[in-house]
Structure formats: structure tokens, C-alpha cells
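Dear colleague,

I am handing over a structure that you have not worked with before, and the notes below it go through what was found. Please keep the sequence and the view open while you read.

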Amino acid sequence: QVQLAESGGGLVQTGGSLKLSCVASGRTSGSLNMAWFRQAPGKEREYVAAITWSSGTTRYADSVKGRFTISRDSAKNTVYLQMNSLKPEDTAVYYCALDLRPGNQARSWGQGTQVIVSS
């Protein structure tokens, strides 16, 4: 079983920054990638960014390109999401996910951390 623990959410003003962390523990061997998703109230879960453990190759949703940066520390089994130039529309619960699967699914999910961007 895999456990994912997010942290770093909070309340920030428009234009501000936050850095989210996600620590993976348990049966993580063989994991290929990690990702961040978000879900705003009344909306479907949305893919944000992903990174591979081995090469650190990253991918981003168009809505966050140039503002968010995903990174990983393989030695710590930790993935980060640096969020800059935050906008009110970035307000959501942010979830980390282990090993993406088709259809915005994943092998395991964290509990989420709330990000609120005030205007």
C-alpha cells in the first residue's frame, strides 16, 4: 500500500506564491511518475503537472505553464509544486498522485491540501 501526504496549502493573495510538498511512503518501488491534480468547488478534477522519477521529465497543463514548477527529490520520495503568480482561479484542493493512468486516474492519491487565492 502507498501513502501520499500533501502539505503546504494555505491562503494567499493574487500574485503570491506557495510551495506544495507530497511525500510518498509505503510500497512505492517501481513507481514511474508523480503528478499534481486540483479540484475546484463544483468542477471536475483537473490535471496540473507531472514528473518522472528517473529523468525528471516534466509536463504541465496549459493553464499553469510558466507559473508552476514541479520538481522531485528522489532520495526523499518527495515531489514539490512551486506555484507563482497565483490567480483566484487557482483556488482548489490540490492532490498528488502516484503513477498516472489513462483518464486522469492514478495508482494512488493523497488526501489533498487546500489552496485559496484571494482577489
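Is alanine 24 buried or exposed? Before the answer, please bear in mind that this is a predicted model, and that every value in this message was computed from it. Alanine 24 is buried, with a relative accessible area of 4%, and its place in the chain is in strand β3. The C-alpha atom of alanine 24 is separated by 8.4 Å from that of lysine 76, although these two residues are 52 residues apart along the chain.

The sheet around strand β3

Strand β3 belongs to an open sheet of four strands, which follow one another in the order β1-β3-β8-β7 with antiparallel pairing. Strands β1 and β7 (68-73) stand at the edges and have a single partner strand each, so that one side of each is left without a neighbour in the sheet. On average, and with direction ignored, neighbouring strands of this sheet are turned by 15° against each other.

If you walk across the sheet in that order, you meet these pairings in turn. Strand β1 (residues 2-7) is joined to β3 by six bridges, and the two run antiparallel; here alanine 5 stands opposite valine 23 of β3. Strand β3 is in turn joined to strand β8 (residues 78-83) by six bridges, again in an antiparallel arrangement, and in this pairing leucine 20 stands opposite leucine 81 of β8. Strands β7 and β8, which also run antiparallel, are joined by six bridges. Within that pairing, threonine 69 has glutamine 82 in β8 as its bridge partner, while aspartate 73 has threonine 78 in β8 as its bridge partner. The hairpin of β7 and β8 has four residues between the strands, and in it asparagine 77 takes a positive phi near 50°.

The disulfide

The structure holds one disulfide, which joins cysteine 22 to cysteine 96 with a distance from S to S of 2.0 Å. The link of cysteine 22 and cysteine 96 is right-handed, with 50° about the S-S bond. Because cysteine 22 lies in strand β3 (residues 18-26) and cysteine 96 in strand β9 (residues 92-101), the pair ties together parts of the chain that are 74 residues apart in sequence.

Aromatic rings and the charges over them

How many aromatic pairs does the count give? The count comes to two aromatic pairs. In one of them, the rings of phenylalanine 37 and tyrosine 47 have their centres 5.8 Å apart and their planes at 75°, and since planes over 60 degrees apart count as edge-to-face, the pair is edge-to-face. This pair links distant parts of the chain, with phenylalanine 37 in strand β4 (residues 33-39) and tyrosine 47 in strand β5 (residues 46-52), 10 residues apart. Ring pairs link Phe37, Tyr47 and Trp109 into a cluster.

Phenylalanine 37 itself is buried, with a relative accessible area of 0%, and the charged end of arginine 45 sits over its ring, 5.9 Å from the centre. Elsewhere, the charged end of lysine 19 sits over the ring of tyrosine 80, at 4.7 Å from the ring centre.

Arginine 38 and its contacts

Another residue that deserves a look is arginine 38, whose place is in strand β4. Which side chains does the side chain of arginine 38 make polar contacts with? One partner is the side chain of aspartate 90, at 2.9 Å, and another is the side chain of tyrosine 94, with which the contact is also given as 2.9 Å.

Key
Residues numbered from 1 in each chain as written. Predicted model: local features only at pLDDT ≥ 70, side-chain atom pairs only at ≥ 80, totals over all residues. Heavy atoms only, no water. Phe/Tyr/Trp six-rings, centres within 6.5 Å; stacked < 30°, edge-to-face > 60°. Buried < 20%, exposed > 50% of the residue type's maximum accessible area, 1.4 Å probe, protein only. Lys NZ or Arg CZ within 6 Å of the ring centre and 35° of its normal. Disulfide = S-S within 2.5 Å. Pairing = 2+ DSSP bridges. Axes fitted to C-alpha atoms, helices over the stretch in contact; angles between N-to-C directions. Polar contact = N/O pair within 3.5 Å; in protein donor to acceptor, adjacent residues only side chain to side chain.
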